[in-house]
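Colleague: Please take a close look at the packing in one part of this model. Start with the charged pairs, then go on to the nonpolar side chains.

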Amino acid sequence: MSYYVVIDLEMCRVPKGMKKAYHYKHEIIQIGAALMNDEYEVIDKYCTYVKPEFGCLDSFIKKLTGITDSDLKNAPMIKEALNEFLMWLPDDDVTAISWSDSDKYQLLHELGEKRIKMSGTLKSMLDTWIDCQPEFSMKMKANKLYSLEEALIATDICTEGRAHNGLDDAYNTALLFAKMKRENELVLNEYYENAHNGKEEGLSFNLGDLLAAAGF
């Protein structure tokens, strides 16, 4: 049997003073995941916080993600966190999915910077990783890349939790991915579809247009 695992990473910022020790701007502080079977049903969820080695949890990231210093205090480092995540996955073939490819490249950068040996399972997932953001644009017959928030509203998906929480974003992305696979033509939110079709071709849709049309 084959599976899909939708992954969402939350990250903190790395101070410029750490540039010699760590060459990238962000470091992982949360791994959220939703496991789906080959019928696109969510059958399990996974979440762990990750203690950063170089980055810091500033007020912006705290407000954005809801993650606190106490959440990270006793959290595992990235190597241990990834090992626990991989042990949670089933032994069968698993295809990784995310919204945009930034999470995939964050993993690659961080593994390289910290000289963490990549397991066969993780390498296979990285090699076959699916970025469903451009796939959604194709389904919408649009040239733009949609934010996850706009895509969820556009497709009238009843979301869970809050944006920028790794577990909630992974679960909501899984619901969106399932809808994309099940529907040849996406069934859209009525307000979104009306506002979108009322605009001239080539103009991007503003999320505020939908909220205004919906009476929010």
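Modeller: Lys-62 forms a salt bridge with Asp-69, with 2.8 Å between the closest N and O atoms; the term stands for a side-chain nitrogen of Lys or Arg within 4 Å of a carboxyl oxygen of Asp or Glu. This is a predicted model, in which local features need pLDDT of at least 70 and side-chain atom pairs count only at pLDDT 80 or more, while totals for chains, interfaces and linings use all residues. Residues are numbered from 1 along each chain as its sequence is written, and side-chain values use heavy atoms, with hydrogens and water left out.

Lys-62 is partly exposed at 32% relative accessibility, and Asp-69 is partly exposed at 45%. Buried means under 20% relative accessible area, exposed over 50%, and partly exposed in between (1.4 Å probe, protein chains only).

The count comes to ten salt bridges. In one of them Asp-58 pairs with Arg-13, the closest N and O atoms being 3.0 Å apart. That pair links distant parts of the chain, 45 residues apart: Asp-58 is in the loop between S3 and helix H1 (59-65), and Arg-13 is in strand S1. Helices (H or I, at least four residues) and strands (E, at least two) are DSSP runs, numbered from the N terminus.

Lys-114 bridges to Glu-110, with 2.9 Å between the closest N and O atoms. Here Lys-114 is buried, at 17%, and Glu-110 is buried, at 1%. Shared partners join Glu-27, Glu-110 and Lys-114 into one network.

Now the nonpolar side. The largest nonpolar core has 27 residues, of which Val-5, Ile-31, Phe-85 and Leu-89 touch the most other members. Such a core is a set of buried Ala, Val, Leu, Ile, Met, Phe, Trp, Tyr and Cys residues joined through side-chain atoms within 4.5 Å. Two or more residues each come from S1 (3-13), S2 (26-36), H3 (78-88), S4 (94-98), H4 (102-113) and H5 (120-127). H3 gives the most, six.

The buried residues of H3 are Ile-78, Ala-81, Leu-82, Phe-85, Leu-86 and Trp-88. They lie on the same side of H3 because they cover an arc of only 155 degrees around the axis, taken from the directions from the helix axis to the C-beta atoms. Lys-79 and Met-87, on the other side of H3, are exposed. The buried residues pack against S1, S2, strand S3 (42-49), H4 and H5, contact meaning heavy atoms within 4.5 Å.
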